[in-house]
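Please view the sequence and the structure together before reading on.

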Amino acid sequence: MKYDFDKTVTRRGSGCVKWDEEIPSQSEDRPLPEDMIPLWVADMDFQTAPAVIRALQQRVEHGVFGYTHVPESYYDAIISWFRRRHQWEIERKWIQYTSGVVPALSVIVKAFTEPSDEVILQTPVYNCFFSSVRNNGCKVVENALHLGSDQRYTMDFDDLEQKARSPRAKLLILCNPHNPAGRVWTHEELARVYNICKENNVIVVSDEIHNELTYRGCRYVPYGTVCHMDNAIVCTSPSKSFNTAGLQIANIICSNPSWRRRIDRAININEVCDVNPFGVVALQAAYNESEEWLDSLCEYIYQNYEALCDFFAHELPQLKVTPLEGTYLVWVDIRPTGLSSDEIAEKLLNEAHVWVNSGTMYGQTTGEGFIRLNIACPRSQLMEGLRRIKQVLANCF
């Protein structure tokens, strides 16, 4: 079946953050200009898979939306998906549902730390990791990724080992695949993480929300298949891959029964124990009926990435693009402009009417000199955004 990812869906006025959020300002928030192209927050401008839409329509027609019971078919869909697509055998009792991966991370931090404990983050990394740690009174310890001459990030294992030795270090939050570095970690890299953290009694919490968004030659390796679920907690959701973040569903996968009890208690303390019926229905339709759509989506996004790379190579050759192995978030090195990440983001917002993310969101030091672009949109929209970026940034050299 052919899927039309070039189709433009009007999202403005639909109550979505990406298109309807006001621009934050130190004085007064202001609405987005009518011609704004948002390439920032991590959701897609594509309609979700047809099977998901059909399942949701059928659920709406029922007309009653009371408290939600999560059926066994929900767990069956998760187990079947990860078995056939990623050769990961998950047991039913390992799965605990909640409303999102960020709430999941927050409850895990609450369950396994005390205030002033240390949580290791591999920066630059997804900004909500910082808030999940700090909101629980813990200290962020940065294990900065290393940027090579090929613009590809790798882990600094010597530094990780040093940080993990601290008696206050309790957790490492792993981003697999990594946002915003675009890395899909290999089995060998993940095995080294496991060995270091196991030796130092640091629990690995793996955020695998971008797990299905990988590209040619790069294969997502579930952390659970590397460590055999020893010393690990894995968080998953179909929300990024199927553009269903607003339906609020995610899963915490943990094989240790005493750890599951601690997580369950924290879920209830944080009041994120209830989910809505649409998330439950959508997950099953995504995992049971939408594999072909997902494969087509990944091919389209990678073609967007190729178009972006070609554009930068010819129109803005001074700026380097980080290789994209996974996610739909492109990390661009803007250091040759001589301007800070915040200055570039503000300049593009005001002069080009293109909203991107400043790299400092993902680490004040490690993210400086970079911006993040969301390329999960129709190609015509992406190319118009790139043309506007060129008009502004070409004057910076």
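**Overall size and packing**

A compact globule of 397 residues would have a radius of gyration near 21 Å, and the protein agrees with this, having 21 Å; the radius is taken over C-alpha atoms, and the globule rule is 2.2 Å times the number of residues to the power 0.38. The model is predicted: local features need pLDDT of at least 70, side-chain atom pairs count only at pLDDT 80 or more, and totals for chains, interfaces and linings use all residues. Residues are numbered from 1 along each chain as its sequence is written, and side-chain values use heavy atoms, leaving out hydrogens and water.

**Whole protein**

- The C-alpha trace spans about 60 × 55 × 45 Å along its principal axes.
- The protein has 14 helices and 15 strands (DSSP runs numbered from the N terminus: helices are H or I with at least four residues, strands E with at least two).
- Of the 397 residues, 58% are buried (under 20% relative accessible area, 1.4 Å probe, protein chains only).
- Among contacts (heavy atoms within 4.5 Å) with a separation of 6 or more, 75% join residues 24 or more positions apart.

**Helix 3 and helix 11**

- The axes of helix 3 (residues 72-86) and helix 11 (residues 277-289) come within 9 Å and cross at roughly 30° (axes are lines fitted to C-alpha atoms over the stretch in contact, and angles run from 0 to 180 degrees between N-to-C directions).
- Helix 3 is therefore roughly parallel to helix 11, a term for angles under 35 degrees.
- Residues making the contact include Trp81 and Phe82 of helix 3 and Leu283 and Tyr287 of helix 11.

Key. Angles under 35 degrees count as roughly parallel, over 145 as roughly antiparallel, 65 to 115 as roughly perpendicular and the rest as oblique. Buried means under 20% relative accessible area, exposed over 50%, partly exposed in between (1.4 Å probe, protein chains only).
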